[in-house]
Amino acid sequence: MKFPSRISIRLGVNSYDILLGSGHLARLGQEIKRLQLGTHAVILTNPTIQRASGLTRQAAASIRRAGFEVKSMTIPDTERSKSFTMLGTVLSRLASWDGPGRKLFLVLIGGGVVGDLGGVAAGIYRRGIPFVQVPTTLLAQVDSSIGGKTGIDLPHGKNLVGLFVQPRLVFIDLEFLKTLPDRQFRSGLAEVVKCAVIRDAALFRFLEATPLSALRSSTNRLGWVISRAILVKRWAVEQDEKETRSIRTLLNFGHTFGHALEAATRYGTAYTHGEAVSVGMKVAADIALRLNKIGDSELEKIQGLLRHAGLPQTVRGVKEADLLKAMAQDKKWSIGRNRWVLPTGIGRAIVQTGVPDRIVRLSIRSVLER
Ligand SMILES: NC(=O)c1ccc[n+]([C@@H]2O[C@H](COP(=O)([O-])OP(=O)(O)OC[C@H]3O[C@@H](n4cnc5c(N)ncnc54)[C@H](O)[C@@H]3O)[C@@H](O)[C@H]2O)c1
Ligand SMILES: [Zn+2]
């Protein structure tokens with residue numbers, strides 16, 4: 001089972017490559033050098049990732065060997081790091097290391113939190129400095145490191161502040177996934193299942209047929225699955241970089257309800273992003289069934305794959321009213337009308353606005369445990 005080692009994202013002057021491999025961090029410095037990003041590298045990561053393995057050190061050594069000065073800084077391992085306070089800290093550190101004859105660039109080694117905060121910092125420091133994404137979670141490797149969305153949170157909601165700014169390189173090393181906790185792995189898998197449902201029936205069938213342990217333990221299988229999910233993301237991002245058409249919206253399958261569940265549980269530890277999206281995919285598929293967009297067998301297939309991936313399809317201890325309220329406040333809902341991504345088969349989906357409230361309620365009730 002072969003997978004591509006390079007996937008190019010074509011966005012005119014903002015184009016970049018995603019390099020995909022296992023145990024290839026020794027190449028990182030040379031790849032950065034080829035791109036002439038600057039003179040001084042600032043690595044942003046978190047202590048958990050640093051402690052998990054020697055890979056962050058390997059990355060730093062590779063960059064040094066290529067002739068760059070390297071400084072590292074860490075942010076606390078929590079979603080709360082996506083804040084103005086932490087952004088200010090990162091920007092101040094950049095400024096204190098900056099100076100005449102220096103050209104800084106950022107290397108973001110981490111999951112979506114490091115990538116999202118670091119992306120904002122890179123996007124606004126000196127009106128923009130280059131940055132490289134080295135995603136270390138499955139979610140970041142298939143989703144958050146690609147496509148140029150960056151963001152920090154406000155008390156009013158997640159990702160309310162941010163900008164579209166593309167990285168200059170995405171460097172994926174599958175070795176990082178070896179130390180990723182199981183729950184985080186499954187959470188990332190939810191985004192892979194999402195890609196399969198909306199666009200890639202072959203990926204769907206492969207996931208159905210592969211036990212989770214067989215997927216995690218094989219570089220080839222993992223590389224193939226990740227590459228397929230990336231190709232779905234690329235397909236959407238290349239056509240709709242800034243989400244002004246509804247193509248990129250398709251990537252929000254499972255997210256209308258997923259975001260509401262995260263908000264209703266106050267972004268705590270009850271549900272990871274991927275788990276919330278998993279329940280959200282069940283809700284959306286249920287709506288699709290009620291609107292005759294899919295049949296029973298397709299709903300069962302989607303539910304079967306979520307079960308197979310060890311992902312939840314029901315929630316406990318959350319009130320229907322809180323979920324509906326959170327959905328009504330979601331910035332992604334178009335003015336006054338709800339908007340859902342609905343599967344129309346395995347590997348196909350549409351954006352549907354104005355789903356009757358009655359149907360939304362019934363589908364939400366189908367996932368609420370008493
Ligand atoms: N920009 C986008 O397009 C986009 C898309 C999806 C999600 N996001 C954002 O991404 C964030 C979630 O990202 P995430 O799921 O990667 O969470 P995360 O960054 O919090 O990482 C999850 C956990 O795994 C740990 N970890 C990371 N890599 C590890 C490794 N190799 N070994 C051991 N532990 C490791 C982290 O320290 C953390 O505890 C959210 O803030 C979400 O809003 C952004
Ligand atoms: Zn997501």
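How far does a polar side-chain atom of Glu79 lie from an oxygen atom of ligand 1?

A: The distance from a polar side-chain atom of Glu79 to an oxygen atom of ligand 1 is 2.6 Å. The model is predicted, so local features need pLDDT of at least 70 and side-chain atom pairs count only at pLDDT 80 or more, while totals for chains, interfaces and linings use all residues. Residues are numbered from 1 along each chain as its sequence is written, chains are lettered from A and ligands numbered from 1 in the order in which they are written, and side-chain values use heavy atoms, with hydrogens and water left out.

Thr137 places a polar side-chain atom 2.7 Å from an oxygen atom of ligand 1, and Asp116 has one 2.9 Å from a nitrogen atom of the ligand. On its own, ligand 1 has 870 Å² of accessible area, of which the protein covers 88% (Shrake-Rupley method, 1.4 Å probe).

The shell around ligand 1 holds 25 residues, and Glu79, Gly112, Thr136, Thr137 and Thr179 are the closest (a heavy atom within 4 Å). By class, seven of the shell residues are nonpolar, 10 are polar and eight are charged (Asp, Glu, Lys and Arg are charged; Ala, Val, Leu, Ile, Met, Phe, Trp, Tyr, Cys and Pro are nonpolar; the others, Gly among them, are polar). At least two shell residues come from each of helix 2 (47–52), helix 5 (112–124), helix 6 (138–144) and strand 8 (157–161) (DSSP runs numbered from the N terminus: helices H or I of at least four residues, strands E of at least two).

Ligand 2 is a zinc ion, with Glu191 (OE), His255 (NE2) and His273 (NE2) as protein donors at 1.9 to 2.1 Å (N, O and S atoms within 2.8 Å of the metal, or 3.2 Å for Na, K and Ca; water is not among the atoms, so sites may look incomplete). The donor spacing in sequence is E-x63-H-x17-H. Glu191 in helix 7 (residues 182–199) and His273 in helix 12 (residues 273–290) are 82 residues apart, and this pair links distant parts of the chain. With a relative accessible area of 1%, Glu191 is buried (buried is under 20%, exposed over 50%, partly exposed in between; 1.4 Å probe, protein chains only).

Some features elsewhere complete the picture. Asn292 is exposed at 70% relative accessibility, and its phi is positive, about 60 degrees, although it is not a glycine. Glu243, in the loop between helix 10 (219–239) and helix 11 (255–264), also has a positive phi, near 55 degrees. Most residues other than glycine have a negative phi. In the loop between helix 13 and strand 10 (315–316) lies Gln313, buried at 11% relative accessibility. The side chain of Gln313 makes a polar contact of 2.6 Å with that of Gln303 (N or O atoms within 3.5 Å; within protein, one able to donate a hydrogen and the other to accept it, and residues adjacent in sequence count only if both atoms are side-chain atoms).
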